[in-house]
Amino acid sequence: MNTDRRTRLGDAAMEVLAEHGGRGLTHRAVDAVADVPAGTAKNYFPTRDALLRAAAEQCVRQYRAITEELAARGPSPDSRRALVAQLTGLLADVAGPGRTRLLACLELQAEAARRPALSDILDPIAASDFPGMEAAQRAAGLPLTPAASRTVTLALHGAITHLLAGGPATIAAAGLDDLDRFVRELLDAVRPE
């Protein structure tokens, strides 16, 4: 089968999930977003579960591409200030170019609660965040315990859901209306300067 078309359909499935949620994920919707003839998605992914798996696999590919891009930009942040800037940038991406991917991933995680095969596909994304975040914090000179590093990672994961939902009262209550301040205060709470 045509791998470019397969990837295009996986991207379209992610867009449908981000725009319409799990209930909106149909073969027809994916065909429309991918701008391919009717029935194309069904030929590549005969069942809804196959469509979900395709979207999950595409989320993993995109995540790996992003982490490889970050690694190619250079070494981990070498100071607390550089780490704050990097984490602030990652959170700002939630409302920008990363929004579709993150919304799709959250929809897939909800589906994974009922479909263990999806959980197996998605697990490497979050699992790799923990050692990656610990390495970045250590490189920035923060003396951390694994528990402190996990706390930062989980707080960032939680922040993402609130940023995606965009509720102004929640964003203000969580301190997410100033991302730089949020990250600085999070690091200060775990490891004061």
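In which helix is alanine 104 found? Alanine 104 is found in helix 6. The model described here is predicted.

**Alanine 104 and its surroundings**

Alanine 104 has a relative accessible area of 0% and is therefore buried, since the cut-off for that label is under 20%. Leaving aside neighbours within four places in sequence, alanine 104 is in contact with Met14, Leu17, Ala18 and Cys59. The pair formed by alanine 104 and alanine 18 is separated by 86 residues in sequence, while the C-alpha atoms of the two are 4.6 Å apart in space.

**Helix 1 against helix 6**

Ala104 and Ala18 both take part in the contact between helix 6 and helix 1. Helix 1 covers residues 3-20 and helix 6 covers residues 99-112. The two helices pack with their axes 8 Å apart, at an angle of about 80°. Helix 1 and helix 6 are therefore roughly perpendicular to each other, as angles of 65 to 115 degrees are counted that way. On the side of helix 1, the contact is made by Met14, Glu15, Leu17 and Ala18. Helix 6 brings Thr100, Arg101, Leu103, Ala104, Glu107 and Leu108. Sorted by class, this contact has six nonpolar, one polar and three charged residues.

**The largest pocket**

The largest pocket holds about 1,200 Å³ of space. Its lining consists of 40 residues, and those nearest the centre of the pocket are Tyr63, Thr67, Leu70, Leu90 and Asp129. Helix 6 is one of the elements that give two or more residues to this lining; the others are helix 4 (48-72), helix 5 (80-95), helix 7 (116-139) and helix 8 (146-165). Helix 7 provides the largest share of the lining, with 11 residues. By class, the lining of the largest pocket has 22 nonpolar, 12 polar and six charged residues.

**Threonine 153**

Threonine 153 lies in helix 8. Its relative accessible area is 1%, so threonine 153 is buried. Not counting residues up to four places away in sequence, threonine 153 touches Asp129, Phe130 and Met133. Of these partners, Asp129 is also among the residues that lie nearest the centre of the largest pocket.

| Residue | Helix | Relative accessible area | Contacts beyond four places in sequence |
|---|---|---|---|
| Alanine 104 | helix 6 | 0% | Met14, Leu17, Ala18, Cys59 |
| Threonine 153 | helix 8 | 1% | Asp129, Phe130, Met133 |

Definitions and conventions:
Residues are numbered from 1 along each chain as its sequence is written. This is a predicted model: local features need pLDDT of at least 70, side-chain atom pairs count only at pLDDT 80 or more; totals for chains, interfaces and linings use all residues. Side-chain values use heavy atoms; hydrogens and water are left out. Axes are lines fitted to C-alpha atoms, for helices over the stretch in contact, and angles run from 0 to 180 degrees between N-to-C directions. Angles under 35 degrees count as roughly parallel, over 145 as roughly antiparallel, 65 to 115 as roughly perpendicular and the rest as oblique. Contact means heavy atoms within 4.5 Å. Ala, Val, Leu, Ile, Met, Phe, Trp, Tyr, Cys and Pro count as nonpolar, Asp, Glu, Lys and Arg as charged, and the others, Gly among them, as polar. On a 1 Å grid over the protein atoms alone, a cavity is a set of points where a 1.4 Å probe fits but cannot get out, and a pocket is an open set with protein on both sides within 12 Å along at least five of seven lines; lining residues have an atom within 4 Å of a point. Grid points are joined across faces, edges and corners, and a volume is the space filled by probe spheres set on the points. Buried means under 20% relative accessible area, exposed over 50%, partly exposed in between (1.4 Å probe, protein chains only).
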